[in-house]
Amino acid sequence: MSAPPADTLRDPAGRAVDVVGAGPAGLAAAITLARGGRRVVVHERASDVGHRFHHDFQGLENWTTGGDVLEDLASMGIEPTFAHTPFFETTLFAPEGRTHVYRSARPFYYLVRRGPVAGTLDEALKQQALAAGAELRFNDPVRHLPDGGIVADGPHGSDVIAVGYVFDTDAPNGAYAALSDRLAPQGYAYLLIAHGRGTVASCMFADFHREREYLERTVRFFQERVAFTMSAPRRFGGFGNFRPAQVVQRGGMLYSGEAAGLQDALWGFGMGSAMLSGHLAASAVVGGAAARYPAELRTRLGGLSRAGAVNRYLYARLGDRGYRHLARRLDAARDPRAWLRRHYHPSWVSRALYPFAAHALRHRADAGACLEAGCDCTWCRCTHDEGLRCRVG
Ligand SMILES: Cc1cc2nc3c(=O)[nH]c(=O)nc-3n(C[C@H](O)[C@H](O)[C@H](O)COP(=O)(O)OP(=O)(O)OC[C@H]3O[C@@H](n4cnc5c(N)ncnc54)[C@H](O)[C@@H]3O)c2cc1C
């Protein structure tokens with residue numbers, strides 16, 4: 001582990017701004033800093049970008065924006081040079097198995113791939129950061145955080161895990177989600193297929209140690225409901241952090257992305273807020289107004305984070321009843337995408353319930369608590385291997 005080199009602390013004398021982490025938040029920050037005329041050094045502990053991911057599909061969510069998420073990225077100086085497939089239709093299997101198909105004139109989301117290979121979001125952001133003039137240092141873990149830098153080192157805890165397979169297929173493009181505690185306790189399962197590749201996963205908020213059982217049930221469920229072939233399946237696992245109100249500024253350091261706790265607590269859409277927060281942190285640094293970053297972040301993303309936390313709190317309490325209600329409301333909506341936008345939008349209800357939701361999320365029982373030494377489930381591997389503090393004692 002290394003401390004940032006002395007020549008890369010602070011900027012005013014033309015020295016580099018340090019960014020810790022080359023994920024979407026750190027790379028978006030690097031692009032903005034470099035385009036703003038600052039020298040920037042990104043320290044990444046892995047040997048390349050996207051090491052947390054496995055070439056799996058993720059959805060770049062497109063309903064919380066008034067326009068289109070790709071336009072939002074363009075306004076931050078990020079071009080869609082990554083492979084992206086718009087989805088105007090999505091199928092939801094409600095808890096009792098009923099099928100709901102939703103369509104929208106505008107994409108619900110764009111499927112993108114994650115990982116250290118050509119065509120992924122990670123590789124595209126890396127190339128754009130390099131082209132803008134940022135320096136990327138791989139195999140360079142930072143233990144002592146830089147003063148005056150941007151911290152974008154990803155989740156600081158694991159509240160949710162996703163386990164799944166990536167595979168090849170000859171099935172047509174399609175996006176499917178299933179809400180059922182049998183497949184993904186308190187969470188959701190998904191099947192995403194685009195251009196001959198697929199990802200199927202169970203994203204669970206509880207009962208982590210039975211991940212294999214849930215994953216196999218998830219695969220069986222989708223194979224029964226959606227005819228698709230799975231060749232060359234590769235298993236993967238990942239984790240996320242949903243605890244609200246994390247530190248966003250400490251001294252001269254600005255936190256962005258999941259490191260700042262920015263993550264959609266309901267369904268885990270974190271890429272958009274990672275890139276936006278990285279961009280906002282970097283803009284504040286470029287403008288010499290780092291102290292204004294927390295307020296700017298609250299204005300742009302605070303309401304959304306609060307609404308996400310409240311939605312998660314309510315669905316966790318209501319269980320399958322809540323998901324059935326959600327499916328019925330979406331059925332009744334003339335424009336399901338617009339309904340989702342309202343659902344994610346801050347309201348007096350989310351303001352009133354947020355203190356309860358935040359308390360519940362912060363003090364959530366450790367659903368994945370280690371029961372035995374040497375357990376190799378995703379939660380245990382992530383909390384230990386990733387250097388996160390094991391909250392089990
Ligand atoms: C399985 C799975 C599915 C997901 N699906 C979706 C989805 O469909 N849609 C969506 O929007 N989001 C999804 N997410 C969430 C999304 O991937 C994250 O929110 C997003 O990647 C966060 O970006 P980040 O830059 O904050 O953190 P990260 O992507 O985690 O990047 C942080 C980087 O910092 C590096 N790092 C860590 N510590 C150090 C250190 N000490 N020194 C140097 N470098 C360090 C890490 O190696 C990493 O490269 C999913 C997540 C998972 C796990």
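Me: Which strand does β3 pair with, and in what sense?
Reply: β3 pairs with strand β7 (residues 109-113) in the antiparallel sense, over five bridges. Strands here are DSSP runs of E, at least two residues long, numbered from the N terminus. Two strands pair if DSSP finds at least two bridges between them.

Me: Is this model predicted or what? What should I know before reading on?
Reply: It is a predicted model: local features need pLDDT of at least 70, side-chain atom pairs count only at pLDDT 80 or more, and totals for chains, interfaces and linings use all residues. Residues are numbered from 1 along each chain as its sequence is written.

Me: What is the mean pLDDT?
Reply: The mean is 88, and 88% of the residues reach 70 or more. pLDDT is the predictor's confidence in each residue, from 0 to 100.

Me: Where does pLDDT stay under 50?
Reply: Over residues 1-11. The model has 26 contacts beyond four places in sequence for that stretch. A contact means two C-beta atoms, placed from the backbone, within 7 Å. Residues 387-393 are also below 50.

Me: Back to β3. Which residue stands opposite Leu111 in β7?
Reply: Gly59.

Me: Are the residues of β3 buried or exposed?
Reply: Five of its five residues (57-61) are buried. Buried means 20 or more other C-beta atoms within 10 Å of a residue's own, exposed means 12 or fewer, and partly exposed is in between; C-beta atoms are placed from the backbone.

Me: Which residues sit on each side of β3?
Reply: Phe57, Gly59 and Glu61 are on one side, Gln58 and Leu60 on the other. In a regular strand, side chains alternate between the two faces of the sheet.

Me: And β1, which way do its residues point?
Reply: Val17 and Val19 point one way, Asp18 and Val20 the other, and all are buried. β1 runs parallel to strand β2 (residues 40-43), joined by four bridges. Asp18 stands opposite Val41 there.

Me: New topic. How many residues surround the ligand?
Reply: 35. The closest include Gly21, Gly154 and Gly270. A residue counts as near if its C-beta atom, placed from the backbone, lies within 6 Å of the molecule.

Me: Which elements each supply at least two residues of that shell?
Reply: α1 (24-35), β3, β14 (231-240) and α5 (271-286). Helices are DSSP runs of H or I, at least four residues long.

Me: Why does the ligand lie between domain 1 and domain 2?
Reply: Because both domains give residues to the shell around the ligand. Domain 2 is 160-240. The bounds come from an automatic or database domain assignment.
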